[in-house]
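Reader: Hi, I'm new to this one. Can you put it up and walk me through it?
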Amino acid sequence: MKSFNDFPKVSLGIFPTPIHRLDRISALLNTNIYIKRDDLCGLGLGGNKTRKLEYLLADAMQKKAEIVFTTGGAQSNHAMLTAAAAGKLGLKAILVLKKRGVTECLGNQLLEHLMGTDVRFVDTDSYDDIYDEMDRIGKALGKPYYKIPCGGSNALGAIGYVECVEEIRDSGLSFDHIVCAEGSGGTMAGLALGAKLFLPQTKVHGMMVDTDPFDEITPRLMKESAALLESDVSISSSDFHLRDMCGPGYAIPSEEGNAAVRLLASEEGIFLDPVYTGKAFAGLVAMAKEGAFRPDEKVLFLHSGGAGGLFAVL
Ligand SMILES: *Cc1c(COP(=O)(O)O)cnc(C)c1O
């Protein structure tokens with residue numbers, strides 16, 4: 001089997017990110033809740049796309065790309081972080097975003113404005129249209145370009161979260177459960193594959209914040225990343241656990257999600273976001289209330305970032 005160290009990588013963040021216990025939330029939920037602060041990883045306002053981009057942009061540079069395309073919704077954290085990372089590496093980012101949600105100069109749009117990012121909107125619901133548009137733009141510009149899929153969620157991007165599990169193992173703390181938000185699938189797939197390789201006693205729970213078929217997407221990405229690592233682990237449906245926390249729709253705040261944002265803000269001084277981490281933490285609270293975690297168990301919540309959304313979506 002290969003290690004993620006065998007893949008080219010650029011340094012974009014400050015790792016390992018801290019892990020600490022949430023004492024007040026733990027008392028409230030009668031178990032042990034810890035948080036991994038990937039929101040504090042140092043690039044932009046932080047967030048999970050940083051780990052994926054360390055591999056994806058290294059690949060882009062190795063392939064001599066000068067332009068990096070990516071996509072997402074109008075307030076995509078991933079797109080904003082791709083622009084931030086590209087700037088830092090001297091690459092030009094072009095964001096081709098779906099014309100849905102808040103497109104005014106708020107939240108991540110404001111950050112992109114500050115970075116001088118080339119942002120274009122396409123009025124479509126199909127990512128295939130957007131990838132075609134990237135090819136049109138790239139060919140017209142006549143420079144070598146690299147396309148990063150929505151959320152950076154392909155086999156290579158997910159390796160960033162396989163690596164994150166090794167980092168969690170090396171913290172010396174052991175966890176019975178890891179809980180994360182699942183939006184395009186790469187984070188959950190990387191964590192679930194990483195747990196299989198490095199922390200086989202730990203259950204990984206993906207809190208779905210969109211309506212895509214994650215029961216198919218998660219194992220497919222896990223298998224593709226395992227193949228990239230030349231690992232022969234066999235992936236089955238018992239390797240990951242999913243819960244629907246989407247509520248009224250992707251990027252539309254839910255009552256439970258907003259309550260979780262307020263809970264962590266008031267009890268711990270930590271800001272979640274309305275699109276991903278608030279809904280995911282609401283799922284953790286619901287599981288605790290259903291008795292899914294014993295009082296002696298340790299649960300690790302991945303804070304995957306998203307602060308920009310607080311200023312545009314809530
Ligand atoms: C993209 C994102 C997620 C979801 O990660 P995926 O790998 O796309 O499933 C979670 N939290 C935040 C803040 C994000 O921006």
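Reader: Which elements each supply at least two residues of the shell around the ligand?
Author: Helix 2 (49-62), strand 7 (177-182) and helix 7 (186-198) do. Keep in mind that this is a predicted model.
Reader: OK. Which residues come nearest to the ligand?
Author: There are 16 residues around the ligand. Lys-49, Lys-52, Ser-184, Thr-187 and Ser-304 come nearest.
Reader: And what is the shell like by class?
Author: It has 11 polar, 3 charged and 2 nonpolar residues.
Reader: Where are the side-chain N or O atoms 2.9 Å from a ligand oxygen?
Author: One is in Lys-49. Another is in Asn-77. Gly-183 uses its backbone instead: an N or O atom there lies 2.7 Å from an oxygen atom of the ligand.
Reader: How much of the ligand does the protein bury?
Author: The protein buries 98% of the 380 Å² that the ligand exposes when taken alone.
Reader: Back to strand 7. Is it mostly covered or uncovered?
Author: Mostly covered: 6 of its 6 residues are buried.
Reader: Which residues point which way?
Author: His-177, Val-179 and Ala-181 point one way. Ile-178, Cys-180 and Glu-182 point the other way.
Reader: In what sense do strand 7 and strand 8 pair?
Author: Parallel, over 6 bridges. Strand 8 covers residues 203-208. There, Lys-203 is the bridge partner of His-177.
Reader: New topic. What is the mean pLDDT?
Author: It is 97 for the protein chain, and 100% of the residues reach 70 or more. Among the elements, strand 10 (residues 298-303) has the highest mean, 99. Helix 11 (residues 307-310) has the lowest, 94.

Technical notes
Residues numbered from 1 in each chain as written. Predicted model: local features only at pLDDT ≥ 70, side-chain atom pairs only at ≥ 80, totals over all residues. Heavy atoms only, no water. Near = heavy atom within 4 Å. Polar contact = N/O pair within 3.5 Å; in protein donor to acceptor, adjacent residues only side chain to side chain. Areas by Shrake-Rupley, 256 points an atom, 1.4 Å probe, with all protein chains shown as cover. Helix = DSSP H or I, 4+ residues; strand = E, 2+ residues; numbered from the N terminus. Nonpolar A, V, L, I, M, F, W, Y, C, P; charged D, E, K, R; others polar. pLDDT = per-residue confidence, 0-100. Buried < 20%, exposed > 50% of the residue type's maximum accessible area, 1.4 Å probe, protein only. Pairing = 2+ DSSP bridges.
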